[in-house]
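Please keep the sequence and the coordinates in view while reading.

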Amino acid sequence: MTTPPGTTQLHELVLPAHANHHGTLFAGQGLQWMAKAAFLAARSFAQREVVMAGVTGVDFLAPVPGGYQLVLRGWVSRAGRSSITVCVTGLADRPDVPAEEVVKAVFEMVAVDAAGRPVAIGRSYLHKESTP
């Protein structure tokens, strides 16, 4: 399955190892998965390595119980000279329960060269769907 450059979709199963003491997704694990989605979307758009410069507007909208699937969707909403803004949203579901939006965040990524210095990506971009 291929996705357009600058987009990604990840599926993660919330297992007991990913849960907190309430039996729901540990926020740190959810943030790690969102960061992975942002990285993959930015790297596919830039066609080079990227690093995270920041994250804003992280919202955990509802708890995600163990046994649920978390579907994370990431897309590039803006690109500058070397910076890339990626929006990530997450839906939680299981076979007998309708999907519900449970997480969202905006990540700032930067394209880098082999030495880790910012490098131009060669194009700018603004997506109409600019916020999660």
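In this predicted model, strand β4, which spans residues 83-94, runs antiparallel to β5 and is joined to it by eleven bridges. The two strands form a hairpin, with two residues lying between β4 and β5.

**Strand pairing**
- For Val51, the bridge partner in β5 is Val110.

**Fold and overall dimensions**
- The chain contains one helix and six strands, and their order along the sequence is β-α-β-β-β-β-β.
- Because the radius of gyration is 15 Å, close to the 14 Å that the globule rule gives for 132 residues, the chain is as compact as a globular protein of that length.
- Taken along the principal axes, the box filled by the C-alpha atoms is roughly 45 × 30 × 30 Å.

**Contacts and burial**
- Of the contacts between residues at least 6 apart in sequence, 69% join residues that are at least 24 apart.
- Buried residues account for 39% of the 132 residues in the chain.

**Surface and charge**
- The chain exposes about 7,200 Å², and carbon and sulfur atoms supply 57% of that area.
- There are 11 positive and 10 negative side chains, and the centres of these two sets lie 11 Å apart.

Technical notes
Residues are numbered from 1 along each chain as its sequence is written. This is a predicted model: local features need pLDDT of at least 70, side-chain atom pairs count only at pLDDT 80 or more; totals for chains, interfaces and linings use all residues. Side-chain values use heavy atoms; hydrogens and water are left out. Helices (H or I, at least four residues) and strands (E, at least two) are DSSP runs, numbered from the N terminus. The radius of gyration is taken over C-alpha atoms; the globule rule is 2.2 Å times the number of residues to the power 0.38. Buried means under 20% relative accessible area, exposed over 50%, partly exposed in between (1.4 Å probe, protein chains only). Contact means heavy atoms within 4.5 Å. Accessible areas come from the Shrake-Rupley method with a 1.4 Å probe; for residues, only the protein chains shown count as cover. Lys and Arg count as positive and Asp and Glu as negative; His and the chain ends are not counted. The place of a charge is taken as NZ of Lys, CZ of Arg, CG of Asp or CD of Glu. Two strands pair if DSSP finds at least two bridges between them.
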